[in-house]
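Please look over the structure shown here before reading on. The briefing that follows takes it topic by topic.

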Amino acid sequence: SHFKDVVELESTVDDEVDNVEIIDLHTHLLPSEHSDKFLTGIDELLNYHYLVSEYIMSSEMTVSEFMNLTKERKTEVIWNELFIRMTPVSEATRGVVNVLKGLGMAKEWKERDLNGIRSKFLALRASGDDAYEESIFSLSKIKYAVMTNIPFSKEEMKHFKEGKTFSKRYRTALRVDPLLEGDWGKVKLAMAEDGIKGSGIPAVKEWVKTWCSKISPEYLMASTPKNFTYESVDMTQPGAFATNVSGAGKKRKIEQDDDCCEDAGEQASRINESSDLLKEVLLPLAEELQLPLALKIGCDRQVNPTLGLAGDGIVTVDMSILLRLLQDWPKVKFLVTFLSLENQHSACVLKGKFRNLHIYGCWWYVNQGSLIERITRMRLEMLGTNFTFQHSDCRVLEQLLYKWKHSREALKLALRGEIRKVWENGGCNRADVRKVVERITGGSYEEFLKMRL
Ligand code: RAT
Ligand code: ZN
C-alpha cells in the first residue's frame, strides 16, 4: 500500500538506504593476503592523503619537516592538530571519528586517547586479518568492492603472480594509465619485467591479454592526464589500422581498399613505436575482449608535487573528447566519472544520448555530503535510475565504514526529496523505493555490464 504520510515515506527511504548491500565499483583496497598492500588501522587512516593535505595547509611544520617524519609520528601530529587543536568538521576528519565510533571506540575518541585507539585496533585484528576484513565488509554492508590492479606495479603484481586466493568480496580491475597516456617507456619496462621480448603493438596487446586472463578484470581503467585529448580515428588515411571494425568505420565512410587486408606481419612492421597506444591497443582490446573502459576524468596531477598523493588538483574538461570516444567506439562500454561538478552535469546530458556510457560515483573532490546529494538529485531528474550514485575510492579497509555511511546519509536526503515528488504525483510504496535504491547502488552497473550494444 502507498505511504500514508511523509513520515512513513522518509523512514522507509532511510531504512532501504541503510540496508541495501552496495557494490563499490572503484576502490584502491587490496586483500589481506596481499600483506604489504593491505592497508588497515589508525596509522593508515590518519595518513590518508585528504588528511595530509588538510593538515599541511595550517601546520606549524613545513612540508619537508612533515614528510621526513615516520608514519607513526605523522599520525600523532595529524591527530594533535586536526582532532585536538581543531574540531573535525571536514568530511575526511569526521570520517575518522565515524570509524572509531563504528568500531566501539567512542570512549577513546571522547578522551582523545590515541594509544588506547592503537591497542583497540590491534585487538580487533587478533582473530586474523581475513576474519577482520570480512567483519568490515559486513558491517559496511558492501556486497563486493572492485580493486585497482596495476600491471605496471611489480610490487602489487607479485601477489597475483604467486596465484594467491582472496575473499570474494574483492573483484579485479586492470588499471592501465600508461596505455591511455601513450607512455611507451612505462609499457616497455613493465613488459620487460614480465619477461616479454617484443615491443610492437601486437606484443603490447598480448601482454595486456595475458594479464586479463590471469586476473579476469571487471573492466579496464585509467585516469586521464590534464592535457588528455582524443582525435577521431581517420580510417581514410593510409596506416589507419584494421582493428577498429565497429567504430570510426561507421561514423565516417571508409573506402575499403586493399590496405585493410594486408597481413598482420606487414601491419606490425608498419606501425612503429610512436603509434597511439590508446587507439591501437586500449580501445581495440576493450572491444575485442568486451571489457568496459572505466575513465576517471578531471584530475590535474601533481600541481604541488611536494605533497605526494595529496598534491593533485582539478580541471574542468572539454566534453567533446568523451563525445568523440562514444561516437567512434559504439561497441566499447565506457564507465565514466568526473572530478568537476560542472562536468557532472554535462555527463548526464551525454548519458541520455549514448547507450554505451554509464556514469558512476562522486569522486574525491565531489565526494562531500552536500555535493553527493545535489549530484544524485540531478542524476535522478535527468536519467531516472540509469547510473551508479557512488563509489568509495577507499584506500584503507576501515574507510568503507565511514565513506559509505556518509554517502548513505547523502542518498537519504536526495531520495527523501525525489521520492516525495513521486508520491505526491500518484502514490508510491516500499517496493518502489527499493527498486530505485537497488538500481543506483549497483543494480544498474551490473545490468550495464550485461547489456548488448
Ligand atoms: O581518490 C584518490 O584517492 C585519488 O588519489 C586517485 O587515486 C584516484 O581515485 C584515482 O583512481 O586516480
Ligand atoms: Zn581511485
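**Briefing on the predicted model**

By class, the shell around ligand 1 holds two nonpolar, one polar and three charged residues, where Ala, Val, Leu, Ile, Met, Phe, Trp, Tyr, Cys and Pro count as nonpolar, Asp, Glu, Lys and Arg as charged, and the others, Gly among them, as polar. This is a predicted model, in which local features need pLDDT of at least 70 and side-chain atom pairs count only at pLDDT 80 or more, while totals for chains, interfaces and linings use all residues. Residues are numbered from 1 along each chain as its sequence is written, and chains are lettered from A and ligands numbered from 1 in the order in which they are written.

**Around the ligand**
- The residues around ligand 1 are S223, K296, L309, W364, D393 and R395, a residue being near a molecule if its C-beta atom, placed from the backbone, lies within 6 Å of it.

**Overall build**
- The protein contains 21 helices and ten strands, which are DSSP runs numbered from the N terminus (helices H or I, at least four residues; strands E, at least two).
- Along its principal axes, the C-alpha trace of the protein spans about 75 × 60 × 40 Å.

**Two loop residues**
- Q290, which is not a glycine, has a positive phi of about 50°, and Q290 lies in the loop between α16 (277–289) and β6 (293–297).
- W364, also a residue other than glycine, has a positive phi near 55°, and its place is in the loop between β10 (357–359) and α19 (369–383).
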